[in-house]
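Welcome! Keep the model open and look up each residue as you go.

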Amino acid sequence: MRLLLLADTHVPTRARDLPSQVWDEVARADVVIHAGDWMDVTLLDALEERSRQLVACWGNNDGPLLRERLPEVARVTLDGVRVAVVHETGASTGRDNRMAAAYPDTDVLVFGHSHIPWDTTAPSGLRLLNPGSPTDRRRQPYCTYMTATIGDGVLRDVELHRLG
């Protein structure tokens, strides 16, 4: 099972649309995961239409229309891997242990907000992934997104992709 991980797309405020490379990944993915800060329902509609499966939450910049359609925390089990998706996780200091305590029944936590790519594993075994942003790099050198695979109950092949 191929995953595409996105966050902080900020369409249409930071970009008119997702980059074509990201849309190509949407077509290849079995599951698209989006960790919030959409800004407008238009992109949500497009991803729902073009994704085989979409797992997503709202972010702090998302208004009432998005919050009506998306949860604050999305949860799904994919081939035995328990995944939670949330926008904010607080400060980076102590994040791994704090999130392990907050999400004890989770194997993988996908989050956003900072626009800073993140890939760590807490002492509990919780894998924390932030794909960065494909449209708004802020102080990062590149816009980014992640792909991964899940097979036989194991998350594998996590890869950070740079854009432009």
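Seven salt bridges turn up when the whole structure is searched. Please keep in mind that this is a predicted model.

**Salt bridges**

- As background, side chains of opposite charge can pair when their charged atoms come close.
- One of the salt bridges is formed by the side chains of Arg 2 and Glu 25, at 2.8 Å from N to O. This pair links distant parts of the chain, with Arg 2 in strand 1 and Glu 25 in helix 1, 23 residues apart.
- Are the two partners buried or exposed? Arg 2 counts as partly exposed because its relative accessibility is 26%. Glu 25 has a relative accessible area of 5%, so it is buried, given that buried means under 20%.
- Another salt bridge brings together the side chains of Arg 82 and Asp 107, with 2.9 Å from N to O. Arg 82 belongs to strand 5 (residues 81-86), while Asp 107 sits in the loop between helix 4 (95-102) and strand 6 (108-110), so this pair ties together parts that are 25 residues apart in sequence.
- Arg 82 is partly exposed, at 34% relative accessibility, and Asp 107 is partly exposed too, at 25%.
- Arg 127 and Asp 119 also meet through their side chains in a salt bridge, at 2.7 Å from N to O. Arg 127 is partly exposed at 21% relative accessibility, and Asp 119 is partly exposed with a relative accessible area of 39%.

- Strand 7 (residues 118-121) and strand 8 (residues 127-130) run antiparallel and are joined by four bridges.

**Strands 1, 2 and 3**

- Strand 1 (residues 2-6) runs parallel to strand 2, and four bridges join them. Leu 4 has Val 32 in strand 2 as its bridge partner.
- Strand 2 also runs parallel to strand 3 (residues 54-56), here with three bridges. On this side, His 34 has Ala 56 in strand 3 as its bridge partner.
- What covers the picture for the faces of strand 2 (residues 31-34), and which residues are buried there? Both faces are covered: Val 31 and Ile 33 are buried on one side, and Val 32 and His 34 are buried on the other.

**Helices that connect these strands**

- Helix 1 (residues 20-28) makes a right-handed β-α-β unit with strand 1 and strand 2.
- Helix 2 (residues 41-50) makes a right-handed β-α-β unit with strand 2 and strand 3.
- Leu 43 is a residue of helix 2, and it is buried, with a relative accessible area of 4%.
- Which residues does Leu 43 touch, leaving aside its neighbours within four places in sequence? Leu 43 is in contact with Thr 9, Val 11, Leu 18, Trp 23 and Trp 38.
- The C-alpha atoms of Leu 43 and Thr 149 are separated by 24 Å, and the two residues are 106 residues apart along the chain.

**The chain as a whole**

- The protein chain has four helices and ten strands. Along the sequence, they follow the pattern β-α-β-α-β-α-β-β-α-β-β-β-β-β.
- The radius of gyration is 14 Å, close to the 15 Å that the globule rule gives for 164 residues, so the chain is as compact as a globular protein of that length.
- The C-alpha atoms fill a box of roughly 40 × 35 × 30 Å along the principal axes.
- Of the 164 residues, 49% count as buried.
- Taking contacts between residues at least 6 apart in sequence, 54% join residues at least 24 apart.
- The accessible surface of the protein chain is about 7,700 Å², and 46% of it belongs to carbon and sulfur atoms.

Definitions and conventions. Residues numbered from 1 in each chain as written. Predicted model: local features only at pLDDT ≥ 70, side-chain atom pairs only at ≥ 80, totals over all residues. Heavy atoms only, no water. Buried < 20%, exposed > 50% of the residue type's maximum accessible area, 1.4 Å probe, protein only. Helix = DSSP H or I, 4+ residues; strand = E, 2+ residues; numbered from the N terminus. Pairing = 2+ DSSP bridges. Right-handed = clockwise from strand over helix to strand, strands pointing away. Rg over C-alpha atoms; globule rule 2.2 N^0.38 Å. Contact = heavy atoms within 4.5 Å. Areas by Shrake-Rupley, 256 points an atom, 1.4 Å probe, with all protein chains shown as cover. Salt bridge = Lys/Arg side-chain N within 4 Å of Asp/Glu carboxyl O.
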